[in-house]
Amino acid sequence: AYQDRHSRCAHLRDCHRNAGRIDVSGFELEGSAQIVPGLKAEATLGHTRSVHRRFPMVLPDASTVNVASLIRTPNAPKWTASASLVSEVPVQGTSGLQTRLSWTGRSRRYFMSDPVSQPFLDQLTGRPAGSFDLMLT
């Protein structure tokens with residue numbers, strides 16, 4: 001069963017850090033195409049939408065305030081994408097030789113989403129990033 005995590009806040013009172021309400025939706029598209037015999041292209045595109053509706057923060061006077069507009073979902077990029085070129089060469093007596101050149105990327109992501117204990121870290125973001133891979137099997 002789910003239980004809220006209680007911890008000490010900067011003002012030394014117990015508070016909830018993860019007792020929020022969030023709406024999450026998204027999609028992922030995948031596709032592949034045979035370009036020529038032995039060469040295939042593959043691609044994906046994903047989108048995640050997360051909106052915090054409620055995130056109570058306990059104030060020093062024990063009252064609460066909704067800080068949902070300040071919260072960002074950590075480590076959840078809005079966009080992800082990948083693309084690959086796959087080459088297959090038949091080799092007699094084996095299952096063949098496959099070469100795959102891939103690129104994966106993502107949009108900006110937030111490292112921190114807790115305005116209570118570390119309010120300034122929410123400003124730190126991971127830059128959009130991508131990487132290439134080459135695999136031979």
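Trainee: Which strands each supply at least two residues of the nonpolar patch?

Mentor: Strand E3 (21-36), strand E8 (97-106) and strand E11 (129-136). Bear in mind that this is a predicted model, where local features need pLDDT of at least 70, side-chain atom pairs count only at pLDDT 80 or more, and totals for chains, interfaces and linings use all residues. Residues are numbered from 1 along each chain as its sequence is written, and side-chain values use heavy atoms, with hydrogens and water left out.

Trainee: What makes something a strand here?

Mentor: A strand is a DSSP run of E with at least two residues, a helix is a run of H or I with at least four, and both are numbered from the N terminus. By that count, this protein has zero helices and eleven strands.

Trainee: Okay, and what makes a nonpolar patch?

Mentor: Its residues have over 30% relative accessible area (Shrake-Rupley method, 1.4 Å probe, only the protein chains shown count as cover), and they have no salt bridge. That would be a side-chain nitrogen of Lys or Arg within 4 Å of a carboxyl oxygen of Asp or Glu. Nonpolar side chains (Val, Leu, Ile, Met, Phe, Trp, Tyr) are joined within 5 Å, while like charges are joined within 9 Å. Here Ile35, Val36, Leu85, Leu101, Trp103, Phe132 and Leu134 make a patch of about 700 Å².

Trainee: Why is Phe132 called exposed?

Mentor: Exposed means over 50% relative accessible area, buried under 20%, and partly exposed in between. Phe132 comes to 62%, so it's exposed. You'll find Phe132 in strand E11.

Trainee: Is Ser84 buried or exposed?

Mentor: Ser84, in strand E7, has 11%, so it counts as buried.

Trainee: How do you know that Ser84 and Ser102 make a polar contact?

Mentor: You need N or O atoms within 3.5 Å; within protein, one must be able to donate a hydrogen and the other to accept it, and neighbours in sequence count only if both are side-chain atoms. The side chains of Ser84 and Ser102 meet at 2.8 Å, so they qualify.

Trainee: Why is the Phe27 and Trp79 pair called edge-to-face?

Mentor: Rings of Phe, Tyr and Trp (its six-membered ring) pair if their centres lie within 6.5 Å; planes under 30 degrees apart are stacked, over 60 edge-to-face, the rest tilted. Phe27 and Trp79 sit 6.2 Å centre to centre with 75° between the planes, so they're edge-to-face. Phe27 lies in strand E3 and Trp79 in strand E7, so the pair ties together parts 52 residues apart in sequence.

Notes: Buried means under 20% relative accessible area, exposed over 50%, partly exposed in between (1.4 Å probe, protein chains only).
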